[in-house]
Amino acid sequence: LPPTMLLRLLIALAKEIAIQSYNEYELRRSRENDIRNKTIQITRQFGAEMGEIREGARQYLQVISQLP
């Protein structure tokens, strides 16, 4: 291969590698955000469920305290 052709090939490869690297970085960042959002959603749901269980326990203890 002539040197100019080799240089063009290397430049084209460098561009492709740069584009692929950027796409992989963006994909990883997007997945991290999805996982973070899912974790927050699950944590909030768990907190709400714990609140319901706590309220049920409170009501149960209130009823028991009124028994003779």
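**Figure 1. Leu 13 and its place in the chain.** Leu 13 sits in helix H1, which covers residues 3–65. Helices here are DSSP runs of H or I with at least four residues, strands are runs of E with at least two, and both are numbered from the N terminus. This is a predicted model, where local features need pLDDT of at least 70, side-chain atom pairs count only at pLDDT 80 or more, and totals for chains, interfaces and linings use all residues. Residues are numbered from 1 along each chain as its sequence is written, and side-chain values use heavy atoms, with hydrogens and water left out. With 45% relative accessibility, Leu 13 counts as partly exposed, since buried means under 20% relative accessible area, exposed means over 50% and partly exposed is in between (1.4 Å probe, protein chains only).

**Figure 2. The whole protein, for orientation.** The count is 1 helix and 0 strands. The C-alpha trace spans about 100 × 10 × 5 Å along its principal axes. Of the 68 residues, 0% count as buried.

**Figure 3. Glu 26 with Arg 29.** What joins the side chains of Glu 26 and Arg 29? They meet in a salt bridge at 3.4 Å, N to O; the term means a side-chain nitrogen of Lys or Arg within 4 Å of a carboxyl oxygen of Asp or Glu. Side chains of opposite charge can pair when their charged atoms come close. Glu 26 and Arg 29 are separated by about one helical turn because they are 3 residues apart in helix H1. Glu 26 is partly exposed at 25% relative accessibility, and Arg 29 is partly exposed too, at 41%.

**Figure 4. Arg 28 with Glu 32.** Here a salt bridge brings the closest N and O atoms of Glu 32 and Arg 28 to 3.3 Å apart. Both residues belong to helix H1 and are 4 residues apart, about one turn of the helix. Are the two partners buried or exposed? Arg 28 has a relative accessible area of 58%, so it counts as exposed, while Glu 32, at 36%, is partly exposed.

**Figure 5. Glu 55 with Arg 58.** Glu 55 is partly exposed at 32% relative accessibility, and Arg 58 is partly exposed with 42%. How many salt bridges does a search of the whole structure find? The count is 3.
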